[in-house]
Amino acid sequence: MVYFTVTRLDISYAVHQISSLSHILRDVFALWLITSSHVPFSQYGQASPGSKKIVGVFYKANEYAALNPNFVGCVEGALGIRDWLESQGHQYIVTDDKEGPNSKLEKHIPDLHVLITTPFHPAYVTAERIKKAKNLQLLLTAGIGSDHIDLHAAAAAGLTVAEATGSNVVSVAEDELMRILILVRNFLPGYHQAISGEWNVAAISHRAYDLEGKTVGTVGAGRIGKLLLQRLKPFNCNLLYHDRLKMDPELENQIGAKFEEDLDAMLPKCDIIVINTPLTDKTRGLFDKDRIAKCKKGVLIVNNARGAIMDIQAVADACSSGHVAGYSGDVWFPQPAPKDHPWRYMPNHAMTPHISGTTIDAQLRNAAGTKDMLERYFKGEEFPSQNYIVKEGKLASQYQ
């Protein structure tokens, strides 16, 4: 048997050699991360090292920016994270110029690492843009709804797409309830009379109703849909919902809502229909001429989900014919809506720009959620699971 004498010096030398080798391997791995395009940071547990170029696309507030210090969801407010990002050594560029080959966004596409967008002034992230963005790792939506991104192209490129889930749920649900009441009570003609010097009660009251006793159906019962149903319960309505998933029985019983598996069977039962489903390949154009015809004559429709879920001309024609007695929402397609968009001129509408999820309270929640995800990204930490829209090549279930 052969014995070896190992001294403390030998051990120290061996440890030194192993340590040196580990540092070399770490540096090689880091260099590989930097030089590889579209490396999904979550796959490796950390963002590639070094300063990041982060681009945010928001609407301009102009003279309104200075009126509220919490107005952070605009170009001027920049989500309130500029000082923090720059103090960390990152480059932060904010713009509202997002369309066309000569836009500011387009100029930054080739070398940005993170792109922050919002549903309220959407930067359309196409497959072509994703292909050009060789350094891009992370697409963040400061809000809810990432359908302005080509999610399949993002998944194929290994990008992570995430949003500030839950940040504007209360804001949108409250707005939907307001729009229901505006339509049911025929509020807008009365408002127009007030500002134009008229007084004709009959012109308003001949089509004004109570909400109590009406049947309200929501197409989609996720976070916003559930919250709307809860808010409607005190009005003593008949509540229906259609969704790919049935609610927890206890919650369903608490709200007093009835599940409708067949959408087309639910529609003719409803006096009021609220759209609360995300825009996906399956829901794009869901409410076309034929589906709208299945609704009860005189139905009221509220849509704060996405404009492209509706057939634009079919909605305008149904409002003109009276089959749809009123239509309200804040979502259009495209956005911003062109001046000649048919919904601007159809009768009995209560449309606004995309505002429901951009209250000051929602902006602060959007900003906090975005900052939290950026912090996690820099540290190589996972996001809350519900925030992921695309992760490691897979789309979230609601987009599949």
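**Figure 1. Charged groups over aromatic rings in a predicted model.** The charged end of Arg 344 lies over the ring of Trp 332, 5.4 Å from the ring centre. Likewise, the charged end of Lys 391 is placed over the ring of Tyr 388, 4.5 Å from its centre. A charge sits over a ring if NZ of Lys or CZ of Arg is within 6 Å of the ring centre and within 35 degrees of the ring normal. The model is predicted: local features need pLDDT of at least 70, side-chain atom pairs count only at pLDDT 80 or more, and totals for chains, interfaces and linings use all residues. Residues are numbered from 1 along each chain as its sequence is written, and side-chain values use heavy atoms, with hydrogens and water left out.

**Figure 2. The aromatic pair Tyr 241 and Phe 259****.** The ring centres are 5.3 Å apart and the planes stand at 50°, so this pair is tilted. Rings of Phe, Tyr and Trp (its six-membered ring) pair if their centres lie within 6.5 Å; planes under 30 degrees apart count as stacked, over 60 as edge-to-face and the rest as tilted. Tyr 241 is buried, at 0% relative accessible area, whereas Phe 259 is partly exposed, at 21%. Buried means under 20% relative accessible area, exposed over 50%, and partly exposed in between (1.4 Å probe, protein chains only).

**Figure 3. The ring cluster of Trp 84, Tyr 377 and Phe 378****.** Ring pairs link these three residues. Tyr 377 is buried, with a relative accessible area of 0%. Phe 378, at 24% relative accessibility, counts as partly exposed.
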